[in-house]
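Colleague: I would like to learn how to read domains, helix packing and a chain interface. Please take one at a time.

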Amino acid sequence: MKKTLLILLILSGLGKLAVAQDFPYGTITEEEMNMKKYDKDTSAHAVVLQEYGKARINLGNDDNIKVFYEYHVKIKIFDAKGFDNGTVKIPVYNNSDGDRYESVEGITGITYYKDDNGNAQSVNLESKTIYPVKESKHLAYYNFALPGLRNGCVIEYKYKLESPYWWDFQTWKFQSDIPKVYSEYEVHIPAFWVFNASLKGFLKLTRSTAEIERQCFSAGSASCDCSQLVYGMKDIPAFVEEDYMTSEKNFLSAINFELSDYTNPYTGTKTKWTKEWKDIDYQLKDEFNFGGQLKKKGLFKDRIVPVTAGKTDELSKAKAVYAYIQKSFKWNEYTGIYSADGLSKALDAHSGNDADINLSLVNALTVAGLNTETVLLSTRENGIVNTLYPVISDFNYVIAKLNIGDKSYLLDATDPLLPFGTLPLRCLNDKGRVFSLDKPSYWMDLNQPQKEKNTYTLDFTLQDDGKVKGTLVHYSIGYEAYKKRKKIKKFNSVDEYVEDLNEKMQKTKILKSEINNLDSLELPLEERYEIEMNLYDKVNSNRLSFNPFFLDKTDTNPFKLTERLYPVDWGMPSEDTFILTMHLPANYTIEAPPQLMNISLPINGGKFLTGYEPADKSFTFSNLIQFNKSVYSTQEYPYLKELYNKIIQSEKAEIVFKKK
Amino acid sequence: MRPIIITFFLFAICTLAEAQQNFDASLIPKELLPYASSVVRDKEETVEVQGLDNTIYHIKEAVTILNKNGDDQAHIEIEHDKSRVIKYVKGVVYNEFGKQTAKFSESDFDDNSAWDGFSLFTDTRVKHYSPSVIQYPYTIAYEYELRLKQTLGLPDWDPTPEIGTAVEKSTFTFSCKPDFNIRYKENNITSKVTISKNLAGLKTFTWQAENLKAIKNEPYSPYSKNYLSSVQIAPQNFSYYGIGGSFTNWSELGKWIYDKLVADRQVLPAETIEHIKDITKDIADPKLKAKKIYEYMQYKTHYISVQLGIGGIQPFLAADVDKQNYGDCKALVNYTQALLKAVNIDSYYCVVKSGRAFKVGMPADFPDVEGDHIILCLPFKNDTTWADCTSQTNPFGYLGDFTDDRTVLACTPEGGKLMHTPKYTTENNLQSRKASFVINEAGELSGSMSTIFKGAEYDDRDYLLDEAKTERVKMLQKVYALNNMDIESLDLKQDKSFDPSTTETIKLRARDYASLTDGKYYFMLNPANRIEEPPRQVRNRLNSVYINRGHTQLDEITYSVPAGYHLEKEPLNVAIDKPFGKFTATLTLTGNKLLYKRHLQIIDGSYSKDTYQDLVDFYQSVVDADNYTVSLVKNP
């Protein structure tokens, strides 16, 4: 989804007069007070009546450049389920190593309600009920709950925030989990600074004006004009999350600002922040915790020699190095594109973020003489990257790209169970930017040939006592094998895993088990069970019905909505195959074979297929469910839903055996 | 030269002390390894009461982590606040062979707000640390000391840690001056206490546990305190946030709570008192008066938790709740009491241990500060009524399954007393469903279905209240596993009387409900109330079977099916009768009317551990019956 719209900040100078201003605080109309529901969304428990924000870059009292941000909102609350809008947490960040928190002041709040006699009243937020909470070294909150909430009340609050982190200009989210009647953001940016603004989501601005504010900024002897930009949106629907979607960031209507360049007002030095990829390449190369770490090859020389000893071809060297790095680190579950404290410290601590681990991997592979690049990407949770122009802050993850001949492999060493060349689901998100110390960077598609694949092969014999005995072989292939290994490793031993499996299946007894390739990460994981199942109490009736989907039957459609707003995103294709051979007792024949199915999604998007082959005293039944795409668009959604409907229907049908 | 010698001397002692313990992982007794991902090698907890405002709590522990699943046991978390101060913390990491590989101290810990996920504010913070070790097994040994500026909530001893951890040795020592009286309670302790006097002249009580195997998760287990070892200690004289007190029985403890924490916090503004008098002036029956006041409180307030200092156990002033319209459970009960007092209705502030999974009461034989929730009791003559003040929707007198059927401490001006909250019985907890459907030639299902919820199930649909139809439909599609369900109309009625009930009526349609294959119809007999999986089996079960709450389900569904068909298989006919439950399910076809009846009853109580397999079999029969597929074949 490329709905990113570029709003140019080049001013014609003839912009309409922007008459944005905050709405008055402390007043309420009769209409707002008496509102019973929100006509445009009658399911809303609350609606934002008005919302206004303003951000301006200016000098602080301490002569430091800061962003001065103001927020003001008025919300109608219809019922108790909207009360959580009256509990507010204002986050403040400290993006420094020291104690440079953003500061908040002037929190005021008011609740308007009708008292027990139906008279309009209001009550103010008391400052003693505002609680500052230091959450961690880098995050604190101001928490407060507006007083006097009751059904039908209106709350209003505002505050000011001062941030020393002007390069991290405040994003404005037009959309939230409740609808909004109107939301407006006013931005003042002195000409010393240039930002790129981008609008995300499907919704359109109903107001967008730009004008020049003369001589609005001065620092020392320098002064300049400002761009005064106003963005407004009317009738904003609530954002409702759907199942199987990626980050809401990809779809939520919001406006982001990315610093392009700035001029130091005191010295006149112009600094390009992000302008073109070559600038970013240069900046990354120079960055101590990125390019700086990629130059630390020395750290790995002695470590890698024994790892690759005896390995002659490039691929086996690479695999050895990959396994070595996987085993050398424990991922601390933090993500980012920069090493936290340098690779040397991370290596000593055996712990680090993705960058510590994968920059180590790039270095180690390079030291082993392999052509390796670094790929910057954004995880699924973090949203899709903007490919129109460079936005370095969009990226939050780093992996390695190894090139051998004309083949390349994407590698992530944060998880010791990942096979060579397989990426974790979190990384499969549109595009990544490939970076190396000596070449310009470029985009690459992160869609990997990896798949989730299961095959089940069963060979069963129905016995005279009504029990079914036989073997079940299950191969978990590709990403499915990784997931299965993770599941098995949650147990202290394979025996405990099998015991657990056995205990979960009431009618099935595992007589013998064998699990192969548990530690051979690149091979399919094989589970082989000899089992006995109680299918019938006893075989004495003339006819027996048998559902061949007994192993894993789908009863309900995972897709319930009539239509979707956002695509279904599974991350990768999948395929399940099931082949059952059933041997019958001599005195039985098959009365009714199953009806065969062959249904496909349009444009080879997937299929459901069943097969049946009778033989003497036995039959083979097979089925295949295949989804060939990672992402299904909203247009494809009805077909996907219907395919599931057909699967469910056909899985109800039974095969009937009859006594001769 | 002298100082150096002293230093050396001290150093030598330290080394010796450290060297005494060998944390080589291979020394762990083999019988402790099954189901263990970590093993506590040695844990020593000591509690020393030095004064009423000064308790020293010292913990020293060495735990060996056998594989990745045990990493959580190496994670150290220490809660602290102004009255629970960390004096020091330090530790060492050893490799598989017991060789030291790393050291850590307080500066390696992160400090975060101990936010519980729902409070607006809490002043408790947590220091935490995880070692990063990639080679298993490894051992982490650490110790820390806390100073507790109180003696009311003295630390208990729970030597059995989480599931998956075995214990080689764990000891607990409590010491105090000879004149500091305590009572203690041993739960499932095999080696009894050793009482002696130490060198400093303090009384000491020591307990020890050895070679405890890792426990496995066994479904339907009783409350853990009923079968795991623990020791509780309660003081006689104590101080809490500077407030002194003394108790040896529930009466004295309840009186202290009432006098010191609640009594003077129930003053209301005159206009609120007037308003309350006004809205109740036409009601004569005190119970109905109280109902009116409770409903007023529900309408006016909502739940917000703020836990600050002694406010952790003391309610907000009633006047503050009156102004802010919010408070936590204590504050809202205290406020409601104040409102009731305005019309001279007596009520009790009751401390309860809340929870749905188990019903845990205050033990009559061991008065101690326990409980995590406050509810309201109204002692009407021959009609004791209970209420939870944190709900905006419960009918007056309805407690629900969070606080039902357990012993609570009522704190009154005359002293504390133990009372028991009402029980929702197997018969009370009812879900009764009636439906009448038509399945047409195309396999489409249509008709209406009506379900009544009572007892502890009364509030099962509360989350649908206040939602618009579109939202309700989305939510119900997740409740009913009825494929292609299209809800045409939905009605939810609540009877908020003293025997409350909720009635849900749905008109629905589901295309392709029955699939037509080779001239046969197949469909699920039980459309709305299937149990999909029985509980897991447990080999070598240790615990007895405990069913916390009974319930009854009645389903009666009629289907009109296309005429001229007969059943292909034997019709469903199941009847099981066990001490812990009953189940019947029948299917009859008369003409083109198919009648399905299902009756499931689960009876609460404790049963022997051998009953467990019976319970699994019982549920498997229910699962089989619930998944019965009707197949209809055309008459010849």
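**Domains, helices, interface**

Modeller: The domain assignment of chain A, with bounds from an automatic or database assignment, gives domain 1 (5-13 + 45-272), domain 2 (277-445) and domain 3 (452-659). This is a predicted model, in which local features need pLDDT of at least 70 and side-chain atom pairs 80 or more, while totals for chains, interfaces and linings use all residues. Residues are numbered from 1 along each chain as its sequence is written, with chains lettered from A and ligands numbered from 1 in the order written.

Colleague: How many residues does the contact take from domain 1 of chain A and from domain 2 of chain A?

Modeller: Two residues are in contact if their C-beta atoms, placed from the backbone, lie within 7 Å. Here domain 1 of chain A gives nine residues and domain 2 of chain A twelve. The C-alpha centres of these two domains lie 36 Å apart.

Colleague: At what angle do helix α4 and helix α7 of chain A pack?

Modeller: Helices are DSSP runs (H or I, at least four residues), as strands are (E, at least two), numbered from the N terminus. Axes are lines fitted to C-alpha atoms, for helices over the stretch in contact, and angles run from 0 to 180 degrees between N-to-C directions. Helix α4 (residues 298-308) and helix α7 (residues 354-367) of chain A pack at about 65°, axes 9 Å apart. L299(A), F300(A), K301(A) and I304(A) of α4(A) meet N363(A), A364(A) and V367(A) of α7(A).

Colleague: How many residues of chain B are in contact with chain A?

Modeller: 49 residues of chain B, against 51 residues of chain A. Elements of chain B that each supply at least two residues to that side include α4 (286-300) and α8 (611-626).
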